[in-house]
Structure formats: C-alpha cells, structure tokens
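Here's a quick tour of a few side chains and what sits around them. Have the viewer open as you read.

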Amino acid sequence: MGKFQVMDHPLIQHKLTIIRDKNCGTKVFREVVDEITMLMAYDVARDMPLKDVKIETPIAKTTSKTLAGKKVAIVPILRAGIGMVDGIMKLIPAAKVGHIGMYRDEKTLEPHEYFVKLPADISQRQIFVVDPMLATGGSSIMAIDALKKRGASNIKFVCLVAAPEGVKALRAKHPDVDIYTAALDDHLNENGYIVPGLGDAGDRLFGTK
Ligand code: PRP
Ligand code: URA
C-alpha cells in the first residue's frame, strides 16, 4: 500500500489558513498556493535516489551526492492543478510537465476527461500528479487511470486539502500511489465540496465566478 501523509508543518498550516479564508483575494491565493506547494515538494522528494559523483571543490577532490534514478514529470489536473506546478518546478527545474484536463459535472460529481498531453517518455518518469483538492476522488482516479493507460507506474499524488471520502476512494482504486496532503478535512457536503475546505480551488486561483 502506498504512503498517506498529512504534511502539517507549522508553516504549511499557517499558509493554509490564509488561503482557506474567504476574504483572501486571487493574488494572495495564487502566491500562497505556490509557497505551500514548494514546502510540500521538499518532503515529497525525500525518497528520491542519489548517486555518488566525483567533483573538485576549490580546496580538494571529493565524492559528493547528486540525484539519480528516474527523471520527474509534474502532471497538474486542469485547471486548479496548474497553481501547483511552479512550486515544484522551483525545486526540480528539469522536470517536464504533462497536463490532464478534467472537470466535475456539478450535478452528478462525475469527472470528465477533456485533454491529455504528456511527455513522450512518461512511462520512464517519476510522476507528481498535482491538484489542490481531493474531494470524491473521481478526478484524481480518472487522471491516474489515464497515466497508467499510457504506461506510467511511479506516481505520487500531491494535494492541499483532502476529504476522507476521496482518500478512501483513491487508495482503493490506486493502492500503489503515495498520497500527500497539507490537510485532511472533515467531510464532503451535499454539493461535493470539502468541509471546511477552501471553496472552489479553480475559481479562487483564476478569479472566475
Ligand atoms: C476540482 C478540483 C479537482 C476536483 C476534485 O476541479 O480542482 O480537480 O474538483 O473533485 P473530485 O475529487 O470530487 O473529483 P473542477 O472539476 O472544479 O475543475 P476546475 O479545476 O477546472 O475548476
Ligand atoms: N473541488 C473544489 O475545488 N473544491 C472542493 O471543495 C471540492 C472539489
């Protein structure tokens, strides 16, 4: 079974409070999502493999560590996942970015896939799927289905706010996927929104509605 980790570092909790507040405007919301994602990326990357390289400092020859293993692909689930790309890119600038377009039908809450564009070597990469919200789990499950259909196998899912219902569904469908979240909230309401949550992440990031 993959990992399930709530990344409740004090800085992350503090910043999450800022974006949960309904009075937080688009500019600050976008900036703070970026900061939280960067803080999370630091720990999500903790198990990346290293190898020894020989280098020469100004003082002496030495053996030092460098990243080894699979290259990284960041895959945001559109739209809201886009807000989490730069935070990881700042730490892993060589990562490639794939996109999966997914929207939830507001009535049925069923996800619909409308776009998939991935790096050609996606099956060779360590993949970070990013989306701020894990609600019913429908969107993340379908996005990971789309990745696996194209040969991907090494997948971590990173979100900001998760509902217990979504965590359960995602772990049941994709038990191999590690899940990282900044908060595990209480429940979903009758409209499929996370309670207390932060509202519609896409609308808050892009100033729509
Ligand atoms: C939101 C969110 C997730 C999805 C989560 O996207 O960004 O992708 O809902 O819900 P689920 O776990 O129940 O599937 P939305 O469909 O609102 O699209 P948007 O990002 O384009 O606003
Ligand atoms: N999608 C969001 O953007 N917010 C929620 O609370 C649930 C799904």
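## Around D34

D34 sits in helix α2, which spans residues 26-44 (helices are DSSP runs of H or I with at least four residues, strands runs of E with at least two, numbered from the N terminus). This is a predicted model, so local features need pLDDT of at least 70 and side-chain atom pairs count only at pLDDT 80 or more, while totals for chains, interfaces and linings use all residues. Residues are numbered from 1 along each chain as its sequence is written, and side-chain values use heavy atoms, without hydrogens or water.

D34 counts as buried because its relative accessibility is 14%; the cut-offs are under 20% relative accessible area for buried, over 50% for exposed and partly exposed in between, with a 1.4 Å probe and protein chains only. A polar atom of the D34 side chain lies 3.1 Å from the backbone nitrogen of G87. Skipping neighbours within four places in sequence, D34 is in contact (heavy atoms within 4.5 Å) with G83, D86, G87 and K90.

## Cysteines and rings

What's the disulfide count? It comes to 0, a disulfide being a pair of cysteine sulfur atoms within 2.5 Å. The C24 sulfur has its closest cysteine sulfur in C159, 18 Å away, so that is too far for a bond.

There's 1 aromatic pair: Y103 and Y114, tilted, 6.1 Å centre to centre with 35 degrees between the planes. Ring centres must lie within 6.5 Å, and planes under 30 degrees apart are stacked, over 60 edge-to-face, the rest tilted.

| Residue | Relative accessible area | Class |
|---|---|---|
| C24 | 14% | buried |
| Y103 | 45% | partly exposed |
| Y114 | 43% | partly exposed |

Key. Chains lettered and ligands numbered in written order. Polar contact = N/O pair within 3.5 Å; in protein donor to acceptor, adjacent residues only side chain to side chain. Phe/Tyr/Trp six-rings, centres within 6.5 Å; stacked < 30°, edge-to-face > 60°.
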